[in-house]
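Hi everyone, thanks for making time today. I'd like to walk you through a structure that may be new to you, so let's bring it up on the screen.

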Amino acid sequence: MSDIKIEDEIISLEREMKEFWTKLKSINGSEQISQSSALRDSCKESIKVLSEKWSKKLKEEDLMVDKINEYSKEILHQSQRVSENRERLTEINLNQENQKNKDLTDSIQELKEECEKKKGILSSKNKAALERVERLCKCKELFEKRLGLEIRRIHDEQLQFIFRHIDHKDPDKPYLFTLSINEQGYYEVTSCIPPLDCIAEFQIKVRETNNFSAFVAKIRKAFADLSHKQSA
């Protein structure tokens, strides 16, 4: 656009110079015309040089403007990309945070369910253990009267069974075993004085039959047999 404007101005200037030359030629002589012609040529040359100089400068400025526009577009594009990436990153972080919260919530829920399940199992085991202890306590008076048995509750919810009147030479001599209920809810003899080889067999039998009275009677008989052997 700038080049076209300059060319139009040059053409207009040349046209005015030609008109001026024609008028001057009709008024002055050949010598003045010759001088005027030289002046005109010099003026035209100066105008041409100046025109080329300004045309080159304007082209350079146009190139610079194009470069600035290009850089501006690139900056705008980069800004848009940065903004998009920032939004995408924010969305990713939000999704990751939501997923972490969901995973944490699921883990807490699983732990709660597992705790409730274990509480239920433990409650059932405790209930069964308490029922067995109660049955043992109810048998206490009967055993004491008929078998010369004393039952004591000791540490860790264990019961100690003490038999007397077994050794005829020493009726007060104690024969005892300690009984507990293990994690599976079974009777388990934790100590026996004096030791009996048949205790393991008796434990298996009482787990199968759940006949505790027979279990205690068999242990007393085993103590009595042992006492007779030692006395013989």
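Lysine 102 has a relative accessible area of 48%, so it counts as partly exposed. Please keep in mind that this is a predicted model. The side chain of lysine 102 meets that of aspartate 106 in a salt bridge, 3.1 Å from N to O. Both residues sit in helix α2, which covers residues 30–147, and they are four residues apart, about one turn of the helix.

How many salt bridges does a search of the whole structure find? The search gives five. Another one joins the side chains of glutamate 150 and arginine 164, at 4.0 Å from N to O. This pair links distant parts of the chain: glutamate 150 is in strand β1, while arginine 164 is in the loop between β2 and β3, 14 residues away. Glutamate 150 has 26% relative accessibility, so it is partly exposed, and arginine 164, at 25%, is partly exposed too. Together with Arg152, these residues make up a network of salt bridges: Glu150, Arg152 and Arg164.

Let's stay with the strands for a moment. β1 (residues 149–154) and β2 (residues 158–163) run antiparallel and are joined by six bridges. Across that pairing, isoleucine 151 has phenylalanine 161 as its bridge partner. Three residues lie between the strands of this hairpin, and aspartate 156 takes a positive phi near 55°. Glutamate 157 forms a salt bridge with arginine 153, with the closest N and O atoms 3.2 Å apart. Glutamate 157 counts as exposed because its relative accessibility is 55%.

Lysine 205 belongs to helix α3, residues 199–209, and is partly exposed, since its relative accessibility is 41%. Leaving aside residues up to four places away in sequence, lysine 205 touches Asn210 and Lys218. Its C-alpha is 7.9 Å from that of phenylalanine 215, ten residues away in sequence.

Phenylalanine 215 is one of the buried residues of α4, which also include Val216, Ile219 and Phe223. Helix α4 has 20 residues and spans 29 Å from first C-alpha to last, close to the 28 Å expected. At its start, a side-chain oxygen of asparagine 211 comes within 3.2 Å of the backbone nitrogen of alanine 214.

Methods
Residues numbered from 1 in each chain as written. Predicted model: local features only at pLDDT ≥ 70, side-chain atom pairs only at ≥ 80, totals over all residues. Heavy atoms only, no water. Helix = DSSP H or I, 4+ residues; strand = E, 2+ residues; numbered from the N terminus. Expected span 1.5 Å × (residues − 1). Buried < 20%, exposed > 50% of the residue type's maximum accessible area, 1.4 Å probe, protein only. Polar contact = N/O pair within 3.5 Å; in protein donor to acceptor, adjacent residues only side chain to side chain. Pairing = 2+ DSSP bridges. Contact = heavy atoms within 4.5 Å.
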